[in-house]
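Biologist: Please take one part of the surface and walk me through it slowly, and then show me the open spaces as well.

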Amino acid sequence: MFRRTRAFRDPVTIHLDGSPVRAERGEPLAASLLAEDKIILARSPKLHRPRSASCFRGGCDGCLMRVDGTPNVMTCLHATRGEEEVEAQNVIGSRQADLLRLTDWFFPKGIDHHHFMAGVPALGTLMQTMARKIAGLGRMPSEVEAPRPARVLEADVVVVGAGLAGLVVAQKLGASGARVVVVDDGLSLGGSLLALPDHAPLLESIRASGELVFSRATAAGVYLGDLLVAAEEGAVVVRAPAKVFATGAHDGVSAFPGNDLPGVFSARALCLLHAYGIEPDGPVVVAGEGFWADELARRLGDRVVRAAASALAGVEGTGYVKRVLLREGAEEERSIEAEVLALALPGAPAFELAAQAGAEVRFDPARGYAVACDENGAAGEGIWAVGECTGMAFDPDLITAAAERCAAFVNA
């Protein structure tokens, strides 16, 4: 399904369910596995259908695995170090043949274990016990994690999100002398920039600006005006009078038969994989339009089959995608032999954190809720928002212009 397009630069070995797998140090663990055709990474918690990485931004549960004794690790956000012990969770058998999948055959419409046999003496209790054992997200960690310290950090501005919009704002504000803290949950700074060529200059400028950056850190919430950050070093409470949210968007999904099968990706995720030197080794159907659809088609050339999102009728396969079905008329369908489907659909803005901070939101029928702000990014007292979280489509030029305008007004 996938292949590497360049030789290893810093090869390491990881272990998947006890077997050695070649990998590149620093790339996402999920990417290392896909590159070696380890497609099925997980099973759905309830019906145990096969799952795999899909978005490569921590927005789905398809890549959750047990890593070095820790359950529920998002392997798309775990940088490969080498010698990791990676295991499938909550399976009887293996990732490829999980005997718990039988629940899906007996209950094809799902199990409502809260009501199934409820009130029936003995059987109700037995059903609840069975449901707890076959559903869930893995066993408890192998070791007790030691407590980590917490601290308070004062700043002038905190920027949440280190993609294009967040980095431009941080760079402009830092150059003006403001004390800026940047928080991002990615493996490294850049966000969607990492999927594009020629992103190095902006990243180098923010690194050289001396701003305090927390990468691989989660902005957990805003409480009494302070931002709580769960960083690798421990909890950090950031106190800043100005907050800029550049939290991006979740790649769009669509409801069609088989949409949860391994092999269904966002077009942006496939561009990111391509930047790591990993690409599909066969035809790819791209459903939808926009920047990432065009970028993926440019990179893969004549191996791409373009289709309108409305033409997507479904995918077929057992453990992973084998065919993509497209509508060609009122009652006609065309079947395309392909193991990879790329969705290029309007993203759903990541508005939640800004809303918790006090920003207003608006509903966009095409994208869902987005942060409501004026043309300068102002979304409330001391609150700004910029980029895809405001409902913008990804366009480097437009996002850069909006971020520069926002930075000017934050600084004012």
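Modeller: Phe-116, Met-117, Val-120, Leu-123 and Leu-126 form a nonpolar patch on the surface, with about 410 Å² of accessible area together (patch residues have over 30% relative accessible area and no salt bridge, and nonpolar side chains are joined within 5 Å; areas use a 1.4 Å probe; a salt bridge is a Lys or Arg side-chain nitrogen within 4 Å of an Asp or Glu carboxyl oxygen). This is a predicted model, in which local features need pLDDT of at least 70 and side-chain atom pairs pLDDT 80 or more, while totals for chains, interfaces and linings use all residues. Residues are numbered from 1 along each chain, and side-chain values use heavy atoms, without hydrogens or water.

Turning to the pockets (open sets of points on a 1 Å grid, with protein on both sides within 12 Å along at least five of seven lines, and lining residues within 4 Å of a point), the largest holds about 1000 Å³ of space, and its 47 lining residues include Arg-57, Asp-184, Asp-185, Thr-247 and Gly-248, which lie nearest its centre. That lining divides into 26 nonpolar, 14 polar and 7 charged residues. The second largest pocket has about 720 Å³ of space, and of its 20 lining residues, Val-73, Leu-77, His-78, Arg-148 and Glu-232 lie nearest the centre. Strand β7 gives the most to this second lining, with 5 residues.

Technical notes:
Patch = residues over 30% accessible without salt bridge, like charges linked within 9 Å, V, L, I, M, F, W, Y side chains within 5 Å. 1 Å grid on protein atoms, 1.4 Å probe; cavity = no way out; pocket = protein on both sides within 12 Å on 5 of 7 lines; lining within 4 Å. Points joined across faces, edges and corners; volume = space filled by probe spheres on them. Nonpolar A, V, L, I, M, F, W, Y, C, P; charged D, E, K, R; others polar. Helix = DSSP H or I, 4+ residues; strand = E, 2+ residues; numbered from the N terminus.
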